[in-house]
Amino acid sequence: MDGVVAAETVLSHTDPARGMVWVRGHDLPDLVANHGFEGTIALLWDGFAQGGGGDGFAQGGRGEGLTRSGLTEAFGAARVAAFARLGEWLDRARGGSLFEGVRLGLAYQRDTATPAELVGAMTVIVPALLRTDGLIAPDPALSTAADLLRMWHGAPADPPMVAALDTYFTVMVESGLSASGFTARIVASTRASLAAAVLGAWCAFTGPLHGGAPGPTLDMLDEARSAPDLDAWLEAKLRAGERLMGFGHRVFRGNDPRAEAIRRALAAMGPMAGRLAFASHVEARVAAVIERVKPGLTLPPNVEIMAALLLDTVGFPREAFTPVFAVARCAGWIAHALEQRQTGRMIRPASKYVGPPI
């Protein structure tokens with residue numbers, strides 16, 4: 001379905017030629033500087049019908065007048081409620097993979113769950129599954145990024161770490177009609193619950209071609225660091241047709257604005273972002289080797305390499321990168337589901353039969 005327009009949306013617009021992403025008319029630099037994660041979600045969700053309460057979501061009304069502070073408060077209360085319900089499912093998730101645990105945690109969310117409750121639940125599910133030495137109750141006064149780091153590390157995070165993770169969440173919250181976003185729309189189009197739409201989107205997100213990419217990017221950097229001759233190592237991979245994780249993108253052929261925003265957040269962390277210098281060196285050598293081996297081909301760094309560096313720098317293990325990513329993207333899935341609901345139509349594409357003659 002490459003190139004097929006499957007939905008009309010007011011949520012976001014990606015312009016590869018201009019190297020920019022807009023969310024509700026706001027470009028990424030503005031979102032990072034002036035809105036943050038909760039403020040960006042307020043923009044995404046504003047004006048969509050949703051019953052069941054939550055900040056700005058009156059029963060049977062519309063999500064109007066949403067604010068950064070209001071959603072920060074709503075998400076904090078939702079985290080407290082989600083933490084109180086961990087006993088319903090957490091023991092059942094022990095022994096399985098992290099991805100299975102997230103799937104189980106989402107499956108236990110009620111069909112009446114509001115948008116804020118679903119984001120709050122996702123934020124609690126991830127650290128609850130990661131911690132093995134005692135759960136840390138949420139602090140409802142904190143932002144999503146600050147409380148997620150606190151619940152994972154067991155202590156308040158340094159402000160630069162919180163700012164970096166908030167930047168990551170802000171630029172990754174919405175990415176157009178990705179596989180997971182489209183899945184959320186398909187589920188919502190049947191008039192299933194928002195909880196069902198988020199669960200379906202998570203299942204699509206776990207595939208290695210989608211949300212599972214950041215972790216292997218660090219593996220590639222580790223392999224590159226251990227290579228005795230970096231250029232020779234890169235050339236061998238390129239000539240063999242192997243993929244360089246963290247390079248190239250189906251949409252952005254040049255600069256990825258999300259990667260640049262995350263790079264700036266990493267640079268602001270100073271010495272804590274120790275791998276940033278080596279990643280920049282690898283990027284430069286990739287460009288040089290490609291020019292020699294495959295003239296005319298461009299393979300710019302994509303958001304995954306910067307995302308992996310940031311998540312590693314703030315202390316998340318590689319196996320948690322996709323679930324942490326989903327904390328941000330969950331809000332985008334909900335936005336797509338809410339927007340799809342307004343159309344009142346079920347998504348029902350046609351197929352072309354190519355089987356045995358009838």
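The legends below describe close-up views of a predicted model.

Residues are numbered from 1 along each chain as its sequence is written, and side-chain values use heavy atoms, with hydrogens and water left out. Because the model is predicted, local features need pLDDT of at least 70 and side-chain atom pairs count only at pLDDT 80 or more, while totals for chains, interfaces and linings use all residues.

**View 1. An edge-to-face pair of phenylalanines.**
Rings of Phe, Tyr and Trp (its six-membered ring) pair if their centres lie within 6.5 Å; planes under 30 degrees apart are stacked, over 60 edge-to-face, and the rest tilted. The count by this rule is 9 aromatic pairs. In one, the ring centres of Phe 205 and Phe 325 lie 4.8 Å apart with planes at 70°, so the pair is edge-to-face. Phe 205 belongs to helix α10 (residues 194–205) and Phe 325 to helix α16 (residues 321–343), so the pair ties together parts 120 residues apart in sequence. Helices (H or I, at least four residues) and strands (E, at least two) are DSSP runs, numbered from the N terminus. Phe 205 is buried at a relative accessible area of 0%. Phe 325 is buried too, at 4%. Buried means under 20% relative accessible area, exposed over 50%, and partly exposed in between (1.4 Å probe, protein chains only). One aromatic cluster takes in Phe 37, Phe 99, Tyr 168, Phe 169, Trp 202, Phe 205, Phe 325 and Trp 333.

**View 2. An arginine over a ring.**
The charged end of Arg 225 sits over the ring of Phe 278, 4.2 Å from the ring centre. The rule asks for NZ of Lys or CZ of Arg within 6 Å of the ring centre and within 35 degrees of the ring normal.

**View 3. The largest nonpolar core around Leu 165.**
A nonpolar core is a set of buried Ala, Val, Leu, Ile, Met, Phe, Trp, Tyr and Cys residues joined through side-chain atoms within 4.5 Å. The largest such core has 114 residues; Trp 45, Leu 165, Tyr 168, Phe 169, Leu 310, Phe 316 and Trp 333 touch the most other members. Helix α16 supplies the largest share of this core, 13 residues. Beyond neighbours within four places in sequence, Leu 165 is in contact (heavy atoms within 4.5 Å) with Ala 145, Leu 148, Leu 149, Leu 310, Leu 311, Phe 316 and Val 324.

In helix α7 (residues 144–153), 9 of the 10 residues are buried, so the helix is largely enclosed by the rest of the structure. The cover over its buried residues includes α2 (36–45), α3 (68–84), α6 (115–130), α8 (159–172) and α16. Gly 154 follows α7 and has a positive phi, near 85°. Helix α15 (residues 303–313) is mostly covered as well, with 10 of its 11 residues buried. Among them are Glu 304, Leu 310 and Thr 313. Just after α15 comes Gly 315, with a positive phi of about 100°.

**View 4. A pocket and a cavity.**
On a 1 Å grid over the protein atoms alone, a cavity is a set of points where a 1.4 Å probe fits but cannot get out; a pocket is an open set with protein on both sides within 12 Å along at least five of seven lines; lining residues have an atom within 4 Å of a point. Grid points are joined across faces, edges and corners, and a volume is the space filled by probe spheres set on the points. The second largest pocket has a volume of about 320 Å³. Its lining counts 19 residues, with Ala 6, Ala 7, Glu 8, Gln 340 and Ile 347 nearest the centre. Helix α16 gives the most to this pocket's lining, 4 residues. The structure also holds 2 cavities of 30 Å³ or more. The largest cavity has about 40 Å³ of space. Residues lining the largest cavity include Phe 83, Val 124, Arg 131 and Met 151. Helix α6 gives the most to that lining, 3 residues.

**View 5. Positive phi in two arginines.**
Arg 24 has a positive phi, near 50°. Arg 24 lies in the loop between β2 (20–23) and β3 (26–27) and is partly exposed at 25% relative accessibility. Arg 191 has a positive phi near 70°. Arg 191 lies in the loop between α9 and α10 and is exposed, with a relative accessible area of 72%.
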